[in-house]
Amino acid sequence: MPDKILTIGQMARRSGLPISTLHFYERRGLIASQRDDANRRVYRRETLRRVTVIKVAQRAGVTLAEIERALSHLPTDTVPNTADWERLSTIWHDDLTARIETLTALRDKMAICIGCGCLSVDRCALANPEDRLGKEGPGARYIGG
């Protein structure tokens with residue numbers, strides 16, 4: 001059994017996260033620990049995979065709330081298998097595809113946008129393509145996703 005568990009210090013070193021972040025993830029229900037005979041916090045080795053998924057998802061802009069919802073689909077009483085992880089990836093597929101498209105547009109049009117000097121939200125190909133907000137009528141509009 002000892003080779004199947006990690007102490008919180010080992011988990012922090014292996015994941016590259018501070019112990020306080022692991023505590024935070026645990027309070028949020030993203031990961032779970034157990035207590036050993038000395039009442040120290042220990043993690044099952046597969047928890048490291050969950051932590052890695054959390055880190056990568058956050059780096060990609062997925063919110064902790066979205067991560068919580070997705071991880072809630074994984075089994076908690078057994079080690080998630082490949083099919084479980086594939087199910088999780090399908091949950092994020094469409095959202096990540098949309099984020100990639102938005103980031104690609106930002107990358108490709110940012111220099112043009114900054115350099116154009118139009119200062120016009122109604123003509124901006126990046127913030128308001130084809131004046132989609134103007135079609136909703138006069139007045140201020142939310143410019144976002």
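Ser15 lies in helix H1 of this predicted model, and because its relative accessibility is 7%, below the 20% limit, Ser15 counts as buried. Setting aside residues up to four places away in sequence, Ser15 touches Leu22, Leu48, Val51 and Lys55. Ser15 and Thr52 are 37 residues apart in sequence, yet their C-alpha atoms are 6.9 Å apart in space.

Helix H1, which spans residues 8-15, packs against helix H2, residues 19-28, with the two axes 9 Å apart and at an angle of about 105 degrees. Because that angle falls between 65 and 115 degrees, H1 is roughly perpendicular to H2. On the H1 side the contact is made by Ile8, Gly9, Met11, Ala12 and Ser15, and on the H2 side by Ile19, Leu22 and His23.

Apart from its neighbours within four places in sequence, Glu26 is in contact with Ile31, Ala32, Ser33, Arg41 and Tyr43.

Asn39 is found in the loop that runs between strand S2 (34-35) and strand S3 (41-44). The backbone of Asn39 has a phi near 65 degrees, which is a positive value in a residue other than glycine. With a relative accessibility of 53%, over the 50% limit, Asn39 counts as exposed.

Where does Leu74 lie in the chain? Leu74 is placed in the loop between helix H4 (64-71) and helix H5 (82-116), and because its relative accessibility is 4%, Leu74 counts as buried. When residues up to four places away in sequence are not counted, Leu74 touches Arg50, Pro80, Asp84, Trp85 and Leu88. Leu74 and Arg87 are 13 residues apart in sequence, with their C-alpha atoms 8.6 Å apart in space.

| Residue | Relative accessibility | Class |
|---|---|---|
| Ser15 | 7% | buried |
| Asn39 | 53% | exposed |
| Leu74 | 4% | buried |

Turning to the chain as a whole, the secondary structure consists of five helices and three strands, and from the N terminus on these elements follow the order β-α-α-β-β-α-α-α. Of the 145 residues of the chain, 26% count as buried, a group to which Ser15 belongs at 7% relative accessibility and Leu74 at 4%. The chain exposes about 9,900 Å², of which carbon and sulfur atoms supply 57%. When contacts in the chain between residues at least 6 apart in sequence are considered, 48% of them join residues that are at least 24 apart.

How values were computed: Residues are numbered from 1 along each chain as its sequence is written. This is a predicted model: local features need pLDDT of at least 70, side-chain atom pairs count only at pLDDT 80 or more; totals for chains, interfaces and linings use all residues. Side-chain values use heavy atoms; hydrogens and water are left out. Helices (H or I, at least four residues) and strands (E, at least two) are DSSP runs, numbered from the N terminus. Buried means under 20% relative accessible area, exposed over 50%, partly exposed in between (1.4 Å probe, protein chains only). Contact means heavy atoms within 4.5 Å. Accessible areas come from the Shrake-Rupley method with a 1.4 Å probe; for residues, only the protein chains shown count as cover. Axes are lines fitted to C-alpha atoms, for helices over the stretch in contact, and angles run from 0 to 180 degrees between N-to-C directions. Angles under 35 degrees count as roughly parallel, over 145 as roughly antiparallel, 65 to 115 as roughly perpendicular and the rest as oblique.
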